[in-house]
Amino acid sequence: MEHPSAEQVFATLLGESAVPLLKEHGFRKRRLTFTRERDGLVDVVNLQRSAGNSYESIRFYTNCGVYSPEFDRVIGRPVQDRPAEVDCQYRSRIENIATGIGPHVTVQADTDVPAVADQLRAALTEALAAMGQLRGPDDIVRSVGSDIDFDVLRYRLATGDESGAREQYLRARSRFGAEPRWPRLEEQFRKAADSYAVAVTDVERR
């Protein structure tokens with residue numbers, strides 16, 4: 001008896017897990033990207049296939065994102081009508097916001113599809129709950145984990161959150177100040193702050 005290809009197993013897995021679950025939660029599918037609109041935000045779930053896949057094995061990653069048109073308007077960036085995961089201001093791999101799942105899922109001919117489907121459904125359900133906690137651009141700003149996200153810095157400056165911008169700079173300096181790239185990063189802080197006439201980097205000597 002001929003075994004199914006990894007491609008067939010992958011399609012079966014999605015048909016028993018991500019596709020029906022995300023459809024039930026109001027997502028629309030386009031290839032391997034699922035999107036839904038809610039309360040002025042766009043939630044995005046993207047299944048990213050590995051570049052090294054073969055007939056025998058397919059590996060994929062699950063990327064989650066939340067896009068805020070208002071965030072882009074505030075910082076003066078064009079609003080995306082059909083945002084991809086890369087356009088989202090909040091982005092996370094599923095393993096960082098859900099339990100019971102690793103950095104990737106690998107399917108082969110002998111994969112236990114029902115078991116992996118259960119695992120993926122549970123992780124997606126947990127991830128959607130975490131994404132749903134974000135209600136607007138301010139929540140997104142508070143949830144972004146990187147202090148060298150300069151779009152977040154610009155949002156803080158544009159909305160008058162000067163103390164938040166300065167705290168972001170100081171955290172970045174504390175973490176990256178000893179690295180060779182720090183002068184370049186600091187210059188990006190300075191340029192962003194100058195655009196809003198705020199002296200973010202001057203707090204370092206106070």
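**Cores and strands in a predicted model**

Modeller: In this predicted model, the largest nonpolar core has 42 residues, and Leu-13, Val-45 and Ile-94 touch the most other members. Helix 4 (residues 113–132) gives the largest share of this core, nine residues.

Biologist: What makes a set of residues a nonpolar core?

Modeller: Its members are Ala, Val, Leu, Ile, Met, Phe, Trp, Tyr or Cys, are buried, and are joined through side-chain atoms within 4.5 Å. Buried means under 20% relative accessible area, exposed over 50%, and partly exposed in between (1.4 Å probe, protein chains only). A second, separate core of 14 residues includes Leu-153, Ala-165, Tyr-169 and Ala-193.

Biologist: Which residues is Val-45 in contact with, beyond its neighbours within four places in sequence?

Modeller: Among them are Leu-22, Phe-34, Asn-63, Leu-124 and Met-131. Contact means heavy atoms within 4.5 Å.

Biologist: Why is strand 4 called largely enclosed?

Modeller: Because 10 of its 11 residues, in the run 57–67, are buried. Strands (E, at least two residues) and helices (H or I, at least four) are DSSP runs, numbered from the N terminus.

Biologist: How do you know that strand 3 and strand 4 pair?

Modeller: Pairing needs at least two DSSP bridges. Strand 3 (residues 41–49) and strand 4 have eight, and run antiparallel. Asn-46 has Asn-63 in strand 4 as its bridge partner. Four bridges join strand 4 to strand 6 (residues 105–108), also antiparallel.

Biologist: What are the ground rules?

Modeller: Residues are numbered from 1 along each chain. Local features need pLDDT of at least 70, side-chain atom pairs 80 or more, while totals for chains, interfaces and linings use all residues, and side-chain values use heavy atoms, without hydrogens and water.
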